[in-house]
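I opened the model today and kept notes on what I looked up. The entries follow in the order in which I made them.

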Amino acid sequence: MNRAVIAERQTAYRWGYVWTGGLVALAGGALLATALIRAGAVRAAAGELALIAFGWGPLVSVLKGFAAVLDPLRNRSAIFSQLPLFATGVALWALGWALIALGIRRTTASPSPPSEARGAALYPPLARYTDFYWGTLLAYGGGMLLAELTLILLHTALVAGVGRGGAARDGLLRASPISAFAIALLAGFAVAFAAGFIGASRARRLSVPEATVGIFYFGLPIPIGLTALSSSSLLELRFGYRLREVTYVAGLIGRPELGYWLVFLGLALWMVFGITAGFIATSSGRVDLRTGFELFVARRHAAVFKPRLLLGLLVVLLLGIVPPLIIYAMVRAADAAVERTRIRALGMSDPLKASEALDRLRTEEHSPTAMMTALSVGGVGVGVMALIIVLSVMSGFEVDLQQKILGTNAHIFVSKYSDSFTEYPEVMQKIRAVKGVVATTPFVLGEVMVTSDRDTGGGLVVKGIDPATVGEVTDLRKNILPGGSLDNLAHPENISAMRFGAEGVSARLTSRTEGRQRPPEDVAIIEPSAPRNAERVLPGIILGTEMSAKLHLFVGDRVNVVAPLGGELGPQGPVPKSRPFRVAGLAYSGMYEYDLKFAYIELHEAQKFFNVEGVTGIDVKVADIDDARRIATAIVDTLEGYPYKAKDWGAMNQNLFSALRLEKLVMGIILTIIVIVAAGLIIATVIMLVLEKRKEISVLKALGVPDGGIVKIFLAEGLQIGCAGGLLGLFSGVAWCLFIERVGIKLDPQVYYIPALPVRIEPLQTAISVVIAILVTYLASVYPALKASQVEPVEGLKSE
Amino acid sequence: MALLEVRDVFKSYFLHGKRIDVLRGVSLDIEEGELVSLVGASGAGKSTLLHVLGTLDAPAAGRILFRGVSILERGEAAIADFRNRTIGFVFQNHYLLPEFTALENVAMPALIQRQDRAKALGYARDLLDRVELAARVDHRPGELSGGEAQRVALARALMLRPALLLADEPTGNLDPQTGEGIHQLLREVNRDLGIAAIVVTHNEALAQSMPRRLRLFGGQVQPT
């Protein structure tokens with residue numbers, strides 16, 4: 001090549017054109033999209049359009065194009081109806097790109113005389129400079145896609161059970177949705193991390209363009225598709241059934257989209273971890289995970305693990321800022337007074353020694369970086385502490401609520417699509433044979449109104465139960481207050497009265513053990529309204545505490561139950577049916593709703609009262625409540641499907657629990673933001689460290705520390721802060737939780753129905769809080785650490 | 001084969017967007033075990049040349065062969081490793097790491113190589129003994145005098161027995177008497193260990209005492 005004729009050319013931008021062009025092209029694209037949507041062509045070609053939009057373009061779209069040509073009639077008329085919009089869109093789109101092209105010009109640079117170096121060998125690294133690695137793009141993009149597919153497929157496979165045929169369906173490898181999701185998520189994270197690691201170690205640099213393109217172009221289609229799943233009937237039809245397990249897990253938090261995008265974010269984050277780890281580990285040309293030297297240097301740079309610092313911060317986290325500050329001020333004042341007296345005494349005899357002591361006192365003052373380090377550790381600690389406390393309290397509420405709901409309701413509810421469920425004993429036998437089922441009990445459900453002698457109660461739900469077996473399925477037996485008994489439903493003649501008064505209170509206290517033995521005459525004297533002397537023994541009923549309070553009813557009182565639809569058909573429709581019952585006990589579940597709206601009578605009484613032959617359904621208790629959904633399916637399978645159906649507790653209370661989980665998730669995100677703010681402190685601290693250590697970095701480089709080593713040193717410094725803060729937060733958070741648990745924080749029972757703030761420390765959740773904090777600090781340190789590695793050795797070595 | 005073969009090396013600075021050509025086609029050969037002095041006016045590019053020879057700075061163009069191999073064509077980590085093993089630096093300022101003791105500073109090149117800590121510190125102790133600083137082993141750089149610090153820096157440069165010692169005005173900040181001690185040490189190192197050295201200096205007497213003398217003038221190296 002003739003070097004003399006090479007005129008240097010430069011690219012000149014007219015930004016006005018470029019920006020206008022971009023906006024016009026965008027508007028054109030929007031119009032085009034509108035036209036296509038209106039023409040109904042999108043529905044037919046949604047998949048192809050999505051692929052084209054994400055740039056997986058030519059080959060796929062050409063193939064699909066052929067398919068579209070073979071089927072011309074359907075699209076043509078539709079497109080023609082939107083022709084003006086379509087044409088405008090295309091025109092605008094083309095115009096936009098033309099403007100952009102106009103905005104970028106190549107101009108000849110002003111000629112300058114050639115330098116003396118013309119023709120000399122180019123500095124080798126510059127000659128071999130590559131700015132885009134296709135292999136790395138493939139690793140990042142493919143890895144992202146693979147991670148998503150791994151997650152979805154592994155989750156579906158684990159829930160469905162690995163293996164084929166009926167025998168394997170109950171195999172060992174079958175997991176509940178939550179644990180399957182956890183396993184699949186970990187696998188997805190691992191794949192994303194590995195792909196990032198491989199990609200970065202191939203390129204031996206971070207390759208930000210490849211990462212951006214890879215993660216966005218290859219990673220986005222699946223979450224976008226999943227988000228669109230519920231709104232597009234076509235997608236729903238095509239993938240809905242296959243993806244049912246995925247949508248179920250995402251639906252557990254109430255808003256599936258949030259779940260998809262959080263998972264996507266998580267995968268992208270793990271890919272970033274993988275990329276940075278790959279770069280750091282292999283930038284020296286080989287995998288080098290040893291960090292002994294780097295830690296040695298980092299510990300000297302930022303001394304975080306000093307007992308005094310950690311102890312001080314822990315005290316601050318446990319007691320708040322003010323008390324430790326007062327103590328510190330007192331100690332310092334005393335210390336300074338003693339020291340000054342000592343130095344003055346010293347100065348009387350030896351002035352030079354005194355000045356030396358003064359100097360030592362001054363050098364003990366902390367440097368700003370040390371102060372920043374302490375602040376960052378404290379910041380991370382506060383974040384982790386808040387995360388742990390709030391999540392533990394929310395878990396406490398959730399567990400409390402779950403206990404109350406599951407105490408009153410069964411785990412699975414089996415019913416039939418027809419009215420007469422008379423074959424329930426056989427069905428119960430079959431259900432009990434299903435793996436994972438612990439107990440079953442039949443019940444009859446009916447809606448009634450109750451009235452007492454004094455008051456009229458509202459409507460409530462009467463559940464006819466089998467006193468012999470109901471205790472195995474729900475907590476009803478445990479929830480009966482002293483004075484009443486579940487067994488009295490079957491033996492109403494044993495019901496004893498309970499009234500306030502000396503006798504009543506003693507009856508209330510003793511009746512649990514000897515109530516059944518109490519002679520009925522005793523009560524009749526105290527309570528004339530109770531027709532104990534009536535010739536007929538009334539059947540028993542158990543009321544909730546709220547309803548009994550509303551009706552002023554106590555054990556032994558008589559109550560009228562009215563069933564609006566239970567009676568015979570009269571000339572004007574069904575005639576309400578009324579029957580007296582005697583209160584056999586009061587139930588307290590802890591849920592206001594349940595204690596107001598539920599009453600229990602004996603199963604056969606209920607059948608008689610509601611005039612039915614069979615039962616409404618069968619309550620089932622399972623060993624593992626998280627597995628209830630799968631067992632419900634298994635029960636239906638065992639009963640050979642229609643007309644039987646089964647619903648698990650999660651599905652019955654889906655809204656409540658998904659709201660709780662969503663709340664917890666959002667709180668987790670908000671509190672993670674606190675940790676991220678603390679991470680901002682870490683960034684600032686590490687940047688300060690880098691600025692302070694510029695000269696040292698240069699020297700280390702001159703001594704032969706590679707860039708990767710410098711990155712490791714400063715990452716280690718950031719991570720030290722994160723680990724110290726995380727551990728402090730863990731200690732103080734758990735300490736606070738234990739404090740709340742032991743001492744208790746009173747709640748207004750009128751509002752909360754819980755006497756004290758519930759706390760439940762979940763080890764996994766707590767560990768995840770700490771891990772998140774450490775990962776966030778790792779990410780926060782990456783940027784300053786990279787900046788540190790970019791310090792030119794010559795910069796720091798310039799002699800002043 | 002020469003230890004160092006430098007051909008047509010160019011290097012420029014950019015000051016406020018203006019290019020200042022410092023090295024304009026430097027070519028020179030350094031043999032194994034040679035002791036060379038390099039003189040030149042302030043700003044002539046002596047330090048830049050040393051940095052380029054020590055792979056601390058990249059030339060814009062040219063070839064540098066160490067024992068016939070073009071190190072610069074390898075990756076960044078390989079260059080760092082080469083620098084660690086083959087080149088020893090002594091600067092005008094001692095540039096010791098302030099957080100580490102004299103002993104740890106001397107052992108640093110071996111620690112970077114991840115050599116056994118105890119062994120490295122043992123050898124560093126011997127080296128400090130040799131530069132007559134056995135009593136200062138556990139002192140931080142801030143507690144050393146200028147001459148002591150410079151001797152520690154020299155010991156650090158010798159820690160891994162480099163093939164080439166690059167000294168950039170090592171006595172520039174020292175009084176003549178202390179400086180002479182350093183010069184003496186440099187000569188001993190060259191004679192006893194056979195380490196080639198390029199010493200940049202403004203000290204005419206020292207320059208004249210070296211077996212080979214070079215001058216950097218007009219961006220090129222000439223013998224004097």
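Entry 1: terms and ground rules. I count two strands as paired if DSSP finds at least two bridges between them. I take helices (H or I, at least four residues) and strands (E, at least two) as DSSP runs, numbered from the N terminus. The model is predicted: local features need pLDDT of at least 70, side-chain atom pairs count only at pLDDT 80 or more, and totals for chains, interfaces and linings use all residues. Residues are numbered from 1 along each chain as its sequence is written, and chains are lettered from A and ligands numbered from 1 in the order in which they are written.

Entry 2: strand β13 of chain A. I looked up the partner of Lys416(A) and found Tyr644(A), in β13(A). Strand β3 (residues 412-416) of chain A pairs with β13(A) in the antiparallel sense, over five bridges. Next I checked the two faces of β13(A), residues 644-648. Tyr644(A), Ala646(A) and Asp648(A) make up the covered face, while Lys645(A) and Lys647(A) are on the uncovered one. In a regular strand the side chains alternate between the two faces of the sheet.

Entry 3: chain A as a whole. I noted 35 helices and 13 strands in chain A. A residue is buried if 20 or more other C-beta atoms lie within 10 Å of its own, exposed if 12 or fewer, and partly exposed in between; C-beta atoms are placed from the backbone. Chain A has 800 residues, and 37% of them count as buried. Two residues are in contact if their C-beta atoms, placed from the backbone, lie within 7 Å. Of the contacts in chain A with a separation of 6 or more, 82% join residues 24 or more positions apart.

Entry 4: two long helices. I picked helix α19 (residues 368-408) and helix α30 (residues 654-692) of chain A. Their axes come within 9 Å and cross at roughly 170°. Axes are lines fitted to C-alpha atoms, for helices over the stretch in contact, and angles run from 0 to 180 degrees between N-to-C directions. Angles under 35 degrees count as roughly parallel, over 145 as roughly antiparallel, 65 to 115 as roughly perpendicular and the rest as oblique. α19(A) and α30(A) are therefore roughly antiparallel to each other. Their contact has 21 nonpolar, eight polar and four charged residues. A nonpolar core is a set of buried Ala, Val, Leu, Ile, Met, Phe, Trp, Tyr and Cys residues joined through C-beta atoms within 7 Å. Which residues have the most contacts inside the largest core? I found Ala192(A), Met271(A), Phe714(A), Val106(B), Leu165(B) and Ala197(B), in a core of 175 residues. Helix α32 (residues 707-743) of chain A gives the largest share of this core, 14 residues. Another core, of 61 residues, lies apart from it, with Ala410(A) and Ile618(A) among its members.

Entry 5: where the chains touch. The contact takes 32 residues from chain A and 37 residues from chain B. On the side of chain B that touches chain A, α2(B) gives the largest share, seven residues. That side of chain B divides into 19 nonpolar, eight polar and ten charged residues.

Entry 6: the sheet of three strands in chain B. The order is β2-β1-β4, open, with antiparallel pairing. β2 and β4 of chain B are the edge strands, each pairing on one side only. Ten bridges join β1(B) and β2(B), and Glu5(B) stands opposite Asp29(B) in β2(B). These two strands, β1(B) and β2(B), form a hairpin with two residues between them, and His16(B) in the turn has a positive phi of about 50°. On the other pairing, β1(B) and β4(B) share five bridges, and Leu4(B) has Phe66(B) as its bridge partner. Helix α1 (residues 46-53) of chain B lies across β1, β2 and β4 of chain B, at about 60° to β2(B).

Entry 7: the sheet of six strands in chain B. This open sheet has the order β5-β6-β7-β3-β8-β9, and its pairing is mixed. The edge strands are β5 (87-90) and β9 (220-223) of chain B. Strands β3 (residues 35-39) and β7 (residues 196-200) of chain B pair in the parallel sense over four bridges. Val36(B) has Ile198(B) in β7(B) as its bridge partner. Helix α6 (residues 176-193) of chain B packs on the sheet, and its direction makes about 155° with that of β7(B).

Terms used
Nonpolar A, V, L, I, M, F, W, Y, C, P; charged D, E, K, R; others polar.
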